[in-house]
Amino acid sequence: ADEPTTGIPEDVKSELTIMPWAIGTIYPVLGNILSFATHRNDEQTVSEIRSRPDMFFFSTDMQESYAPYCSDFGPVSISVVHRFCTMIQERLSGMANLCLLWGVADCRFTLN
């Protein structure tokens, strides 16, 4: 199997940190501004929120799942990408705390 960094220029590759995927792990997306995590259920989300008062947890009710395209898993709709980016920009505007976007541990939604 190909390495996850195949095709990435060496100067960029040296700055990457590849972390194994695990439910509940917090993955930095934009330094100390935005992170992402998946949770098994609402109870795990509530527990994480209570244990991390320094973070602002949020999720989206948007359906970011792939629209099937000729029997495959993609591509994701550009309108969904635009709405998602706008929502992220609005959430991050004026935030002092680290923001954590969380989602359900369902690969149909987290693969995007």
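V29 has 49% relative accessibility, so V29 counts as partly exposed (buried is under 20% relative accessible area, exposed over 50%, partly exposed in between; 1.4 Å probe, protein chains only). This is a predicted model, where local features need pLDDT of at least 70, side-chain atom pairs count only at pLDDT 80 or more, and totals for chains, interfaces and linings use all residues. Residues are numbered from 1 along each chain as its sequence is written, and side-chain values use heavy atoms, with hydrogens and water left out.

V29 lies in strand 1, residues 27-30 (strands are DSSP runs of E, at least two residues; helices are runs of H or I, at least four; both are numbered from the N terminus). With L30 and I33, V29 forms a nonpolar surface patch of about 260 Å² accessible area together. Patch residues have over 30% relative accessible area and no salt bridge, and nonpolar side chains are joined within 5 Å. A salt bridge is a side-chain nitrogen of Lys or Arg within 4 Å of a carboxyl oxygen of Asp or Glu. The areas come from the Shrake-Rupley method with a 1.4 Å probe.

## Strand 2 and its partners

Strand 1 pairs with strand 2 in the antiparallel sense, over three bridges (pairing needs at least two DSSP bridges between two strands). L30 stands opposite L34 of strand 2. The two strands form a hairpin with three residues between them. In the turn, G31 has a positive phi of about 50 degrees.

Strand 2 also runs parallel to strand 4 (residues 98-104), joined by six bridges. Here L34 has C99 as its bridge partner.

Strand 2 spans residues 34-39; six of the six are buried, so the strand is largely enclosed by the rest of the structure. In a regular strand, side chains alternate between the two faces of the sheet. L34, F36 and T38 point one way, while S35, A37 and H39 point the other.

## The nonpolar core

The largest nonpolar core has eight residues: L34, F36, F58, M87, I88, L92, C99 and L101. Such a core joins buried Ala, Val, Leu, Ile, Met, Phe, Trp, Tyr and Cys through side-chain atoms within 4.5 Å. Strand 2, helix 3 (78-92) and strand 4 each give two or more residues. Helix 3 gives the largest share, three residues.

## The aromatic pair

There is one aromatic pair (ring centres within 6.5 Å; planes under 30 degrees apart are stacked, over 60 edge-to-face, the rest tilted). The rings of F56 and F58 have centres 6.0 Å apart and planes at 25 degrees, so they are stacked. F58 is buried because its relative accessibility is 4%. F56, at 30%, counts as partly exposed.

Technical notes: Patch = residues over 30% accessible without salt bridge, like charges linked within 9 Å, V, L, I, M, F, W, Y side chains within 5 Å.
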